[in-house]
Amino acid sequence: MPGAGGRGAAWARWLGTGIWGLFLLPVSLSLEVSVGKATTIYAVNGTEILLPCTFSSCFGFYDLAFWWSYNSSDTYRILIRGTVKNEKSDPRVHVKNDDRITLVGSTKEKMNNVSITLKDVDFDDTGKYTCHVKNPKEKDLQHHATIFLQVVDKLEEVDNTVTLIILAVVGGVVGLLILILLVKKLVTFILKKTQEKKKECLVSSSGNDNTENGLPASKAEEKPPTKV
């Protein structure tokens, strides 16, 4: 039956996809490396800059290796190498190719931090800095993240005038809408009370007219009985 065969093939494809997904799931949840949300950081010439890097692994780690590399248009070099024995040990440096670099990493409180600082930066330090991590516990799985360092004469002050104007306009519009809603509610309340008072007056006025114009008038029009 063609229909049954088609359903069987579809079921086989679905089952195969599910099994393959189970194999991929541990990979997607395994070693991750991050240098933060910023893709570019700026440093003033002659100052010190922090190059952040953290890692995580849902499977844990042992003898984890890490290293930082520098890459520009014409240069590539390894800046520092080290290892982290286990989750209770702090990172240790084995090779450092630049005396200006200091490891500031720590695994305390599960921070898994292998960040470095670079002091006395100069314009030649502009380029890409990549943090590499390799975890033997995950069959030497490797992961890395890159951040771009731009060295400048001075940091430019950001003009927030436009932003402040936009925020002020938005705040004013929101405030105006709230004021309109409050006025609307107040007017509705006043109109409701006014209508209630009018109804009370109409009811009271109607009762007085029936008493004064009805009964006395009917009594005045009564004629004495005719004598025989």
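Here are some friendly notes on the predicted model shown above.

1. **The disulfide.** A search for cysteine links turns up one disulfide in the structure. C53 and C131 are the partners, with 2.0 Å between their sulfur atoms. The pair joins distant parts of the chain: C53 sits in the loop between β3 (49-51) and β4 (54-56), while C131 belongs to strand β10, 78 residues apart. If you like to check torsions, the angle about the S-S bond is -75°, and the link of C53 and C131 is left-handed.

2. **Cysteines and their cover.** C53 and C131 are both buried.

3. L51 is placed in strand β3. With a relative accessible area of 1%, L51 is buried. The C-alpha atoms of L51 and Y129 are 8.0 Å apart, although 78 residues separate the two along the chain.

4. **Salt bridges around R100.** How many salt bridges does a search of the whole structure find? The count is two. In one of them, R100 pairs with D98, and the closest N and O atoms are 3.1 Å apart. In another, the side chains of R100 and D125 meet at 2.8 Å, N to O. R100 lies in the loop between β7 (92-96) and β8 (101-103) and D125 in the loop between β9 and β10, so this pair ties together parts that are 25 residues apart in sequence. Through shared partners, the salt bridges join D98, R100 and D125 into one network.

5. **The acidic surface patch.** Which residues form a negative surface patch? They are E48, D120, D122 and D124. D124 is in the loop between β9 (116-118) and β10 (127-135). With 65% relative accessibility, D124 counts as exposed.

Methods:
Residues are numbered from 1 along each chain as its sequence is written. This is a predicted model: local features need pLDDT of at least 70, side-chain atom pairs count only at pLDDT 80 or more; totals for chains, interfaces and linings use all residues. Side-chain values use heavy atoms; hydrogens and water are left out. Patches are made of residues with over 30% relative accessible area and no salt bridge: like charges are joined within 9 Å, nonpolar side chains (Val, Leu, Ile, Met, Phe, Trp, Tyr) within 5 Å. Accessible areas come from the Shrake-Rupley method with a 1.4 Å probe; for residues, only the protein chains shown count as cover. A salt bridge is a side-chain nitrogen of Lys or Arg within 4 Å of a carboxyl oxygen of Asp or Glu. Lys and Arg count as positive and Asp and Glu as negative; His and the chain ends are not counted. The place of a charge is taken as NZ of Lys, CZ of Arg, CG of Asp or CD of Glu. Helices (H or I, at least four residues) and strands (E, at least two) are DSSP runs, numbered from the N terminus. Buried means under 20% relative accessible area, exposed over 50%, partly exposed in between (1.4 Å probe, protein chains only). A disulfide is a pair of cysteine sulfur atoms within 2.5 Å.
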